[in-house]
Amino acid sequence: MCGIIGIIGAAPAVPKLVEGLKRLEYRGYDSAGIATLVTGRIERRRAEGKIVNLQAALDADPLRGITGIGHTRWATHGRPSEANAHPHANSMVAVVHNGIIENFQELKRALAAEGHAFESDTDTEVIVHLVTRYLNRGMAPSQAAARAIAELEGAFALAMIFAGHPELVIGARRGSPLAVGYGDGEMFLGSDALALAPLTQRICYLEDGDVVELTRDGATIRDKFGAVAARPIRETAAIGDAIGKGNFAHYMLKEIYEQPTVIGDTLASFINPATRAVALPDLPFDFADLPRLQMLACGTSWHAALIARYWFESLAHLPVDVDIGSEFRYRAPQLAKGGAALAISQSGETADTLAALRLARELDQATMAIVNVAESTMAREADGTLLTHAGPEVGVASTKAFTTQLTVLACLAIAAARARGTVDGEREAALSAAITEVPARAAEVLDHDSRLKGLAQEVANARHVLFLGRGTGYPVALEGALKLKEITYVPAEGFAAGEMKHGPIALIDEDIPIIVVAPYDALFDKTASNMQEVIARGGRVIFLSDAKGIERLGDLAAATVELPAVDPFVAPILYTIPVQLLAYHAAVIRGTDVDQPRNLAKSVTVE
Ligand code: M6R
């Protein structure tokens with residue numbers, strides 16, 4: 001997962017390459033680098049770590065040139081280091097790469113036997129040597145690149161520049177995303193529209209197998225058969241300004257605070273303002289006779305799917321399976337004839353979810369995607385798409401994307417229940433009213449920020465933290481634990497509260513904070529019993545509940561946070577916000593890199 005950018009410019013390329021890389025840093029920040037053509041020769045600067053380190057290297061030793069390529073890395077092969085940083089280059093060609101070359105060992109052995117000397121531990125460097133092999137045989141750059149690309153196995157997006165060819169950038173896409181940007185006397189390549197936003201709004205997305213030759217005047221795209229192909233050029237929305245931090249210390253905090261607004265924006269697409277009823281666009285299947293729904297996702301998006309399963313089952317009586325993308329794709333899933341698959345993904349690019357969606361399509365399922373990026377691969381490949389309107393999510397820890405996914409899924413569950421005749425008009429109206437109220441209630445939850453900041457101290461200093469919940473509170477517990485571990489590095493686990501007695505209760509002692517997610521719903525008494533079991537063993541509970549729950553059990557807890565009383569249907573959306581804030585403040589206390597935690601990247605486009 002790495003971000004790549006390429007420019008044939010009319011002015012010095014480096015400032016634009018750096019700006020583009022900053023916008024791609026969410027894809028990885030283990031190292032960064034740039035190569036340009038300076039009087040026809042390849043020159044490069046690279047640095048381990050974030051773009052600021054590359055900027056410092058460029059300040060110390062500036063790089064000229066109007067044609068260049070850049071890269072920000074999430075390490076797959078070879079540790080994060082300057083030697084392993086892209087671009088990989090020799091005197092003839094420089095290459096940046098996002099993805100994995102699966103046959104790099106065989107290629108490397110063959111090339112080494114021919115006398116090619118390798119300088120890095122990466123899979124990418126074989127591309128440099130492979131292209132060089134064909135350049136040395138007298139092929140022109142585009143021919144040599146095409147020949148080399150044909151020998152690569154795996155998933156990749158590539159950009160290359162060639163010594164002595166200042167008006168040429170070659171790109172290729174197989175699996176990983178790549179977009180071409182059309183400027184005025186300038187041409188661009190980038191991993192996504194966000195990277196290209198300050199450069200141009202005229203973008204076309206390459207299809208799998210495409211190879212593109214950029215010159216100053218335009219792009220020639222060839223498809224996987226080598227035939228010249230036309231890809232539609234779209235005007236993208238101006239997203240240049242949407243990614244500032246505003247007055248917030250971190251993107252994550254800004255994105256947590258945006259939730260009332262973006263949940264409202266998302267609802268505006270799916271609720272008819274006149275009737276206040278759910279109104280969805282045409283779907284690629286009919287809920288009325290759908291035999292089974294298969295949901296596919298990873299990470300936080302998987303937690304959204306787990307919550308939605310409760311909704312589809314209880315409201316629409318619809319059989320549902322939920323799978324993690326990386327597991328589904330290597331099982332032999334037995335899917336229902338006439339069934340549908342629903343992929344859930346903020347980025348719409350997650351390699352495992354995308355592969356799972358493709359497998360579901362091969363298995364004759366109607367496919368749909370819930371994504372936050374309208375131009376993403378999943379949005380383009382699925383038979384139908386529902387968009388979350390979260391706006392760009394920059395913090396690696398997903399927050400507003402999750403609650404807007406839940407918002408869309410809640411609307412979908414209501415629509416499914418209506419179509420299947422499993423709710424009457426009165427209940428449907430109550431469900432729609434409950435979801436419509438979420439933005440206002442979410443704003444009330446944010447009022448507890450300073451209380452949660454106080455409680456975060458105990459969490460930040462803990463050696464282990466547990467989150468417990470039942471029903472839809474269980475995936476909220478999983479999400480709370482994931483948020484905490486990914487940004488604080490404090491070991492944390494989420495459990496179904498009823499499972500504690502089957503083993504995890506052995507963990508309990510007075511030093512482990514236990515966050516209990518317990519809206520006053522049909523399962524409250526059960527959760528209450530499990531909470532008493534951990535308190536009886538010395539556990540210190542931070543109790544997230546509403547007024548009725550706190551009246552019943554608040555005295556037993558070490559601390560309480562009183563959330564608004566809402567229809568239990570929407571409780572998981574609201575109870576997610578305090579676990580996000582707890583994780584955020586604990587991370588700030590621990591001094592970790594909140595927006596770019598170690599070892600992670602925002603968009604996981606490798607398997
Ligand atoms: O873009 P996606 O929603 O497909 O991403 C899936 C996961 O990689 C993502 O949710 C990840 O778990 C987040 N870092 C969690 O905060």
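**Cavities and their linings**

A: In this predicted model, the largest cavity is lined by Cys 2, Arg 73, Trp 74, Ala 75, Thr 76, His 77, His 86, His 97, Gly 99, Thr 122, Asp 123 and Thr 124. A cavity is a set of points, on a 1 Å grid over the protein atoms alone, where a 1.4 Å probe fits but cannot get out; lining residues have an atom within 4 Å of a point. Numbering starts from 1 along each chain as its sequence is written. Local features need pLDDT of at least 70, side-chain atom pairs count only at pLDDT 80 or more, totals for chains, interfaces and linings use all residues, and side-chain values use heavy atoms, without hydrogens and water.

The largest cavity has a volume of about 60 Å³ (the space filled by probe spheres set on the points, which are joined across faces, edges and corners). Its lining has 3 nonpolar, 7 polar and 2 charged residues. Asp, Glu, Lys and Arg count as charged; Ala, Val, Leu, Ile, Met, Phe, Trp, Tyr, Cys and Pro as nonpolar; the others, Gly among them, as polar.

Arg 44, Arg 46, Ala 83, His 88, Ala 89, Glu 119, Ser 120 and Glu 125 line it. Two elements each give two or more residues to that lining: strand E3 (41–48) and strand E5 (88–89). Strands are DSSP runs (E, at least two residues), numbered from the N terminus. In total, the structure has 6 cavities of 30 Å³ or more.

Note on methods: On a 1 Å grid over the protein atoms alone, a cavity is a set of points where a 1.4 Å probe fits but cannot get out, and a pocket is an open set with protein on both sides within 12 Å along at least five of seven lines; lining residues have an atom within 4 Å of a point. Helices (H or I, at least four residues) and strands (E, at least two) are DSSP runs, numbered from the N terminus.
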